[in-house]
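Hi there,

Here is the structure I promised to pass on. Have a look at it first, and my notes follow below.

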Amino acid sequence: MSDPLIEIRGLRKVYRVGKVDVAALRGVDLDVAAGEFLAIVGPSGSGKSTLFHIIGGLTPATEGSVRIGGQDISSLSDAGRTQLRRDKVGFVFQKFNLLPNLTAADNIAIARYIAGRDRNADPGFAEALKLLGISERLDHKPAALSGGEQQRVALARAIVNHPAILLADEPTGNLDSENTVAVLDVMRDLNRRLGQTILMITHNPEAAAFAHRTVRMRDGRIVG
Amino acid sequence: MTVKLVIENLKHKPMRSLLSMFLIAVPVTLILCLVGLSRGMLADSARRARGSGADIIVRPPGSSLLTLSGAPIPEKMVDFLGRQPHVAQALGMITHPVTSATFVMGIDLNTFNGMSGGFKYLEGGPFQDPNDLIVDEYYARQNKLHAGRYVTDILNHRWRVAGVVEGGKLSHLIVPIRTLQDLAGYTGKISLIYVKADKAGDIPVVMAELKALLPEYNIYTMEEFTSLLTVENVQGGALSTFINVMVGIGVVIGFAVVLLSMYMAVLQRTREIGILKALGASRWFILKVILAEAVIMGLGGTIVGIGLSFAARALILALYPASLTQAITPDWWPIAGAISLVGVLLGALYPGLSAAAQDPIEALAYE
């Protein structure tokens with residue numbers, strides 16, 4: 001593998017719950033190449049989401065290093081992690097997490113606005129919108145969209161600023177089988193046609209099969 | 001985009017937004033009504049004093065600007081002043097409270113007619129009998145009175161309404177001076193004296209004469225007297241202080257309303273705040289959205305409050321035209337707006353800062 005886009009070494013995360021320390025990650029080493037579609041599977045409590053949150057800059061690591069494109073993000077301040085989320089990472093969540101008061105178009109536009117870009121996305125994004133198949137639904141608010149449509153809008157929002165990494169946390173967890181396949185197809189297309197690096201958490205082996213590679217986690221470690 | 005997000009947030013919970021604006025409007029209305037009533041009542045007093053047609057007012061020693069208690073001036077002083085050089089006329093007047101906001105005035109109608117040109121009668125005419133009463137149009141409307149009717153609720157005396165006159169001169173209720181002096185127990189006494197000079201150019205000379213003759217008395221030209229009728233001068237600045245207290249209460253109410261409203265809004269939008277943070281929104285961005293929402297509610301509340309002050313004025317005019325006079329005070333609109341903005345910004349600060357400091361993971365997990 002050439003230089004990995006994501007390089008994780010000895011990553012540990014300990015949460016303080018009341019007076020008890022809970023180790024969520026117990027020394028994770030992982031490399032992810034640029035353009036790779038990686039699935040991460042494992043039981044609940046295995047540390048998948050914590051790993052995502054650290055890579056995505058939502059929480060700091062307790063120990064170890066995480067390098068994205070050569071930049072060590074494990075020592076970033078809160079403001080630095082905010083900048084990371086704005087510029088390098090796009091999130092897709094199981095519960096879609098669209099802003100309910102805004103239309104689909106505005107949900108996408110606000111991601112550009114927060115990143116300091118103008119409202120109109122670049123031509124490359126138009127192709128992504130075609131792949132997502134939501135061009136006709138952009139004027140609707142989330143409540144008027146199906147689950148599959150909401151998740152595709154969330155995908156559009158996640159990639160509108162061309163992030164280095166797309167982090168998808170159980171993206172099909174709330175979808176029926178038809179929409180599951182549709183969303184996974186779109187993610188695979190984004191990866192193949194646009195070279196989008198994707199890390200996807202899933203419990204679903206069929207979903208994991210869409211990825212190039214699958215890693216398994218258990219008890220805060222990668223086990224295979 | 002921030003404005004759009006803020007507007008959509010406000011539209012998302014329209015009842016909460018409207019209720020908050022209404023509650024913010026309440027202190028704005030209170031302040032505007034209080035200032036409007038103060039100024040309106042003072043302007044009304046000045047207009048009525050000017051309506052006497054006098055050039056100079058002689059008030060008893062130690063009297064306040066707005067109110068006169070009793071009738072301490074001997075009536076014979078009226079003739080004495082009327083005989084002074086350059087004095088065309090002197091009119092003695094007695095005033096007595098009927099309610100906290102209404103006074104009945106006793107005058108000699110012929111002298112008043114000579115000094116001011118007299119009343120303009122809308123119904124009936126001048127006094128025909130010592131127990132006659134003249135009311136102005138506002139009092140007549142408020143109490144549904146017409147010429148020829150009898151009233152008994154003024155000093156427990158039976159009065160016949162001799163005439164209804166155009167408002168703006170002396171008082172809402174005018175009776176013959178002798179009758180009022182006897183009823184109020186001030187026979188031979190008066191409350192103040194209006195003096196008219198031979199011509200306008202003589203006013204300074206007459207003023208100097210009167211001040212030399214009556215050094216203990218408060219003597220003003222009409223111009224001086226009406227210019228002194230300001231909020232700042234009433235009761236040694238007490239009204240001004242009262243208005244300042246109301247302004248403070250306005251800030252506190254605006255603060256409390258917005259604090260509760262925005263605190264609830266932040267709780268309800270915890271997940272949305274998490275979403276914005278996941279998208280890379282800074283603490284300042286989150287704070288800005290909350291503050292902008294509060295500012296819009298503050299401005300909306302100010303506009304509603306201004307509208308309600310017009311409604312209050314219309315209500316007063318309809319129900320109590322003779323008791324209260326409320327002026328519309330556009331110069332206080334920006335002040336009231338600033339007061340509510342200070343309140344809402346202070347109120348939005350804590351919810352805004354707590355929203356900005358939220359942990360994105362916890363916020364995203366919020367159900």
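Predicted model: local features only at pLDDT ≥ 70, side-chain atom pairs only at ≥ 80, totals over all residues.

**Aromatic residues**

Counting over all chains, there are seven aromatic pairs in the structure. One of them joins Y220(B) and F225(B), with ring centres 5.8 Å apart and 50° between the planes, which makes the pair tilted. Y220(B) is buried, and F225(B) is buried as well.

Another pair brings together Y263(B) and Y350(B): here the planes are at 15° and the centres 6.1 Å apart, so this one counts as stacked. It is a link between distant parts of the chain, as Y263(B) belongs to helix α9 (residues 238-268) of chain B and Y350(B) to helix α12 (residues 333-356) of chain B, 87 residues apart.

R158(B) places its charged end over the ring of Y150(B), 4.0 Å from the ring centre.

**Chain B as a whole**

Chain B contains 13 helices and 12 strands. Its radius of gyration is 29 Å, whereas the globule rule gives 21 Å for 367 residues; the value is well over the rule, so chain B is more spread out than a compact globule. Along the principal axes, the C-alpha atoms of chain B fill a box of roughly 90 × 45 × 30 Å. Of the 367 residues in chain B, 53% are buried. If you take the contacts in chain B between residues at least 6 apart in sequence, 80% of them join residues at least 24 apart.

**The sheet in chain A**

Over in chain A, four strands make an open sheet in the order β2-β1-β4-β5, and the pairing is antiparallel. At the edges are β2 (20-32) and β5 (71-72) of chain A, each of which pairs on one side only. Two bridges hold the antiparallel pairing of β5(A) with strand β4 (residues 63-68) of chain A. What stands opposite R67(A)? That is D72(A), in β5(A). Helix α1 (residues 48-55) of chain A packs on this sheet and touches β1 (6-17), β2 and β4 of chain A, with its direction at about 115° to that of β1(A).

Happy to talk it through whenever you like.

Best wishes

Definitions and conventions
Residues numbered from 1 in each chain as written. Chains lettered and ligands numbered in written order. Heavy atoms only, no water. Phe/Tyr/Trp six-rings, centres within 6.5 Å; stacked < 30°, edge-to-face > 60°. Buried < 20%, exposed > 50% of the residue type's maximum accessible area, 1.4 Å probe, protein only. Lys NZ or Arg CZ within 6 Å of the ring centre and 35° of its normal. Pairing = 2+ DSSP bridges. Contact = heavy atoms within 4.5 Å. Axes fitted to C-alpha atoms, helices over the stretch in contact; angles between N-to-C directions. Rg over C-alpha atoms; globule rule 2.2 N^0.38 Å.
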